[in-house]
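User: I am new to this structure and would like to learn how to read it step by step. Could we begin with the strands and then turn to the helices?

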Amino acid sequence: MSERVPCDAVLIVGFGGPTRADEIRPFLDSVLRGRPVPRERYEEVVHHYELLGGRSPYNEITLRQAAALRAALERDGVSIPVAVGMRSWEPHLDAAIRDLVQAGAHRLFTFLM
């Protein structure tokens with residue numbers, strides 16, 4: 001490995017968000033993880049996502065950032081995996097780390113979004 005690249009993979013860690021209307025409630029349940037939230041507030045948040053078409057732009061934006069970083073690294077001659085892992089939705093953080101490790105990564109450079 002080059003001295004210029006002290007890692008063998010990049011992991012972008014984000015919060016996550018629903019990508020379709022049928023994911024809103026499962027996403028919120030994941031975020032809350034059993035924490036007591038008044039039902040009225042829960043439904044207000046569901047409604048906010050519904051106003052956005054049932055999805056958050058967050059995942060798409062984060063995945064585009066990963067693709068742009070991957071392309072920039074490749075232009076500079078650095079060919080390492082760039083993955084995205086989300087705390088509260090897909091692609092889940094644990095799966096992203098597992099995939100990187102299975103691909104041979106040992107040292108991750110991590111961006112927390």
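Analyst: Strands and helices here are DSSP runs numbered from the N terminus, with helices being H or I of at least four residues and strands E of at least two. This is a predicted model, in which local features need pLDDT of at least 70 and side-chain atom pairs count only at pLDDT 80 or more, while totals for chains, interfaces and linings use all residues. Residues are numbered from 1 along each chain as its sequence is written, and side-chain values use heavy atoms, leaving out hydrogens and water.

User: Which strand pairs with β3, and over how many bridges?

Analyst: Two strands pair if DSSP finds at least two bridges between them. Strand β1, residues 9-14, pairs with β3 in the parallel sense over 5 bridges.

User: What is the order of the strands in the sheet?

Analyst: The open sheet has 3 strands in the order β2-β1-β3, with parallel pairing. Its edge strands are β2 (82-86) and β3 (108-112), each of which pairs on one side only. From one strand to the next, the twist averages 25°, where angles run from 0 to 180 degrees between N-to-C directions and axes are lines fitted to C-alpha atoms, for helices over the stretch in contact.

User: At what angle does helix α4 run to β1?

Analyst: Helix α4, residues 93-102, lies across β1, β2 and β3 and runs at about 175° to β1.

User: How is a pair of packed helices described?

Analyst: Two packed helices are described by the angle between their axes and the distance between those axes. In this model, the axes of helix α1 (residues 24-32) and helix α2 (residues 39-51) come within 10 Å and cross at roughly 130°. That makes α1 oblique to α2, since angles under 35 degrees count as roughly parallel, over 145 as roughly antiparallel, 65 to 115 as roughly perpendicular and the rest as oblique.

User: Is Tyr49 buried or exposed?

Analyst: Buried means under 20% relative accessible area, exposed over 50%, and partly exposed in between, using a 1.4 Å probe and protein chains only. Tyr49, which is found in helix α2, counts as buried because its relative accessibility is 15%. Leaving aside residues up to four places away in sequence, Tyr49 touches Pro18, Ile24, Phe27, Leu28, Gly54, Arg55 and Ser56, contact meaning heavy atoms within 4.5 Å.
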